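Trainee: I would like to learn how to read a fold feature by feature, with the general idea stated before the particular case. Could we work through one together?

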Amino acid sequence: RLTTNLVTRLFIDRIKRNVPVSLVMDDDTYLYSIDAGGFDVTDSDANSMKKVRNAGGDVAFIQTNEEAKPGKGHLHHNKYIIADDKYLFQGAGNFTGKALNMGWEDGKGYIPAFGNYEQFYIIKDAGIVKAYVNAFAELRARASTSSEHPVQQ
């Protein structure tokens with residue numbers, strides 16, 4: 001899940017500085033958002049994906065069904081960010097305000113509030129980071145691009 005605008009803005013800021021950003025997302029909330037009214041659902045995964053993609057980021061999907069790419073459908077439950085191929089931010093939580101204990105955004109800023117009890121780690125060990133870089137490359141190779149996705153939005 002990627003519903004916090006702060007993390008989305010960090011990705012967009014990197015794109016604006018010509019740093020490549022590539023996301024591989026599970027398509028279940030992407031599809032749900034379309035069923036629930038489209039991409040303009042506030043703070044939705046689909047809205048975050050659209051913002052990153054429109055800024056020039058690479059957004060791809062692991063499909064939960066196998067209609068478009070037989071053999072490619074899987075449940076995607078990874079939650080990590082690799083920065084500069086040197087740092088790994090990994091944990092069990094989603095990238096939401098509650099999971100990151102950031103509170104909630106009210107349009108003017110974040111209202112502090114405690115959220116979920118989650119564990120996240122910042123890992124700098126080159127061997128571990130490299131293993132995640134390789135795993136991400138494999139996930140990206142299995143993923144469908146926006147144009148290949150059944151809804152093509």
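Trainee: In what order do the strands of the open sheet stand, and is the pairing parallel or antiparallel?

Mentor: As a general idea, the strands of a sheet pair through backbone hydrogen bonds, and the pairing is either parallel or antiparallel. In this predicted model, three strands make up an open sheet in the order β3-β4-β7, with antiparallel pairing. Because β3 and β7 stand at the edges with a single partner strand each, one side of each is left without a neighbour in the sheet. From one strand to the next, the twist averages 10 degrees.

Trainee: How many bridges join β3 to β4, and which residues stand opposite one another?

Mentor: Four bridges join β3 to β4 (residues 87–91); A83 stands opposite Y87 in β4, and Y80 has Q90 of β4 as its bridge partner. These two strands form a hairpin with three residues between them, and D84, in the turn, has a positive phi of about 55 degrees. On the β7 side, four bridges again join β4 to β7 (residues 120–123), the two running antiparallel, and Q90 has Y121 of β7 as its bridge partner.

Trainee: Which helix lies across these strands, and at what angle to β3 does this helix run?

Mentor: The helix is α4, which lies across β3, β4 and β7 and runs at about 110 degrees to β3.

Trainee: How should I read the packing of α1 with α3, and what are the distance and angle between their axes?

Mentor: Two packed helices are described by the angle between their axes and by the distance between the axes. Here the axes of α1 (residues 5–16) and α3 (residues 45–54) come within 9 Å and cross at roughly 10 degrees, which means that α1 is roughly parallel to α3. The contact involves N5, T8, F11, I12 and I15 of α1, together with S48, K51 and V52 of α3; by class, these residues divide into four nonpolar, three polar and one charged.

Key. Residues numbered from 1 in each chain as written. Predicted model: local features only at pLDDT ≥ 70, side-chain atom pairs only at ≥ 80, totals over all residues. Heavy atoms only, no water. Axes fitted to C-alpha atoms, helices over the stretch in contact; angles between N-to-C directions. Parallel < 35°, antiparallel > 145°, perpendicular 65-115°, else oblique. Contact = heavy atoms within 4.5 Å. Nonpolar A, V, L, I, M, F, W, Y, C, P; charged D, E, K, R; others polar. Pairing = 2+ DSSP bridges.
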